[in-house]
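Visitor: Hi! I'd like to chat about charged side chains in this one. Can you walk me through them?

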Amino acid sequence: MKSLKIRLNLNQKQTTLCRKHAGVARHAYNWGVAECQKAFNNKEKIPSAIDLHKRLVAEVKTANPWYYQVSKCAGQQALRNLQSAYQAFHRIQKPSGYKKRKAIRRNGQTKTVLEGLPQFKKKGQRDGFYLEGSIKADGQRLKLPHLGWVRTCEAIPNGTAIKNVSISRTADHWFVSFKVPHTPAKTEKTTGCVGVDLGIKTLATLSNGDVFQSVKPYKKHKRKLKLAQRRVSKKYRKNTKKQSNNYRKAQAKVARIHARIANIRADNLHKLTTHLAKNHSRIVIEDLNVRGMSQNHKLASAILDGGFFEFRRQLTYKAGWYGAEVVVADRFFASSKTCSGCGSKKQTLKLSQRAYSCESCGLQIDRDLNAAINLSNYPGLDGPTASYAGVACGAANNRTDKSERTAVKQEANGSLSHEVQTCISLA
């Protein structure tokens, strides 16, 4: 199975109905959060989604008749999502005895909360709801409960049986998501094993010399976003909850810019990961500590603009589709400090040194290409003596040999100047 996400072309009545459904889902979720927080603070058992739904029908729906203007699935699924959120919260906190905390900023104030603890939802942020029942697809139309026939921007495959859908809002557009049957087709590979070194100035450098450029969508739209956010700030009315229509229009413009940045980044990553999964039978990547790398505030914006975690996530499931294997090198594997020619290892290598010069064999090579070659020659890939060979989802993250385990700083990529590199434009 795979998921499809298609933009909807809604009329005014359908848009209003979507907003009502999203409002009911948000209200039910926030009510459930309040009830669960009371139980958690009193050290009582957290109520399940079924228990909350029974109380919702008995207590909340009778007091709020507008609940009956929308589908019952919106509130039900919101409570199921809340139950899943608390289950994830307990998985995070139980090993530490409920001590992990993080700082969040809300309404201009910063407070410390338990990491993973479900928080109240805010209107206009991540609006969405769930529908199930009689759903039909006909070309570029989709029949949904309560909404009727809605037009889509793409044709839905004929004969698709849709049991349920999730509808979400991004900026001022509504999207529908649903699952369809998917039979992966393994492709013929042109290369056996390839190492991939991720960076900033160039998104990825392959061990065969290919270079994939980074589109840097946030950097390119940073000034436009700054001006749009400034207009929002000037239109904001203090000491009142009701804002003007011009304020909401300015907010919508900021949301559209953010959506465009995210779409450009996702498009570039999809093209890169599809190319790798289709053409290489084995792909070796680094286990990057993105959270730790983001602590460097001089490089955090550029690092997050590359979408390293999303690259790994997409590559993982696409490798399964096209019959490729993803190997994640150990986080402490010194791919940049090791010479790809003779195997000698440097003790220190500054970030400003963009070319690798080996003192033992005299090899002169770009440091990113050198790292990619070392990844492609990762030790023990084909034998039982591998120090680490895990799947990209994070399983088997333990090294058997920790005798030479030394901390290696994660590094930013630089410009590539080696003659064998070929620039491949995917944008």
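Guide: E35, K38, R55 and E59 are linked in a network of salt bridges, a salt bridge being a side-chain nitrogen of Lys or Arg within 4 Å of a carboxyl oxygen of Asp or Glu. This is a predicted model, where local features need pLDDT of at least 70 and side-chain atom pairs count only at pLDDT 80 or more, while totals for chains, interfaces and linings use all residues. Residues are numbered from 1 along each chain as its sequence is written, and side-chain values use heavy atoms, leaving out hydrogens and water.

Visitor: How many salt bridges does the count come to?
Guide: The count comes to 13 by this rule.

Visitor: And what does D127 form a salt bridge with?
Guide: The partner of D127 is R26, with the closest N and O atoms 3.5 Å apart.

Visitor: Which side chain does E286 join in a polar contact?
Guide: The side chain of S335, at 3.1 Å. A polar contact is a pair of N or O atoms within 3.5 Å; within protein, one must be able to donate a hydrogen and the other to accept it, and residues adjacent in sequence count only if both atoms are side-chain atoms.
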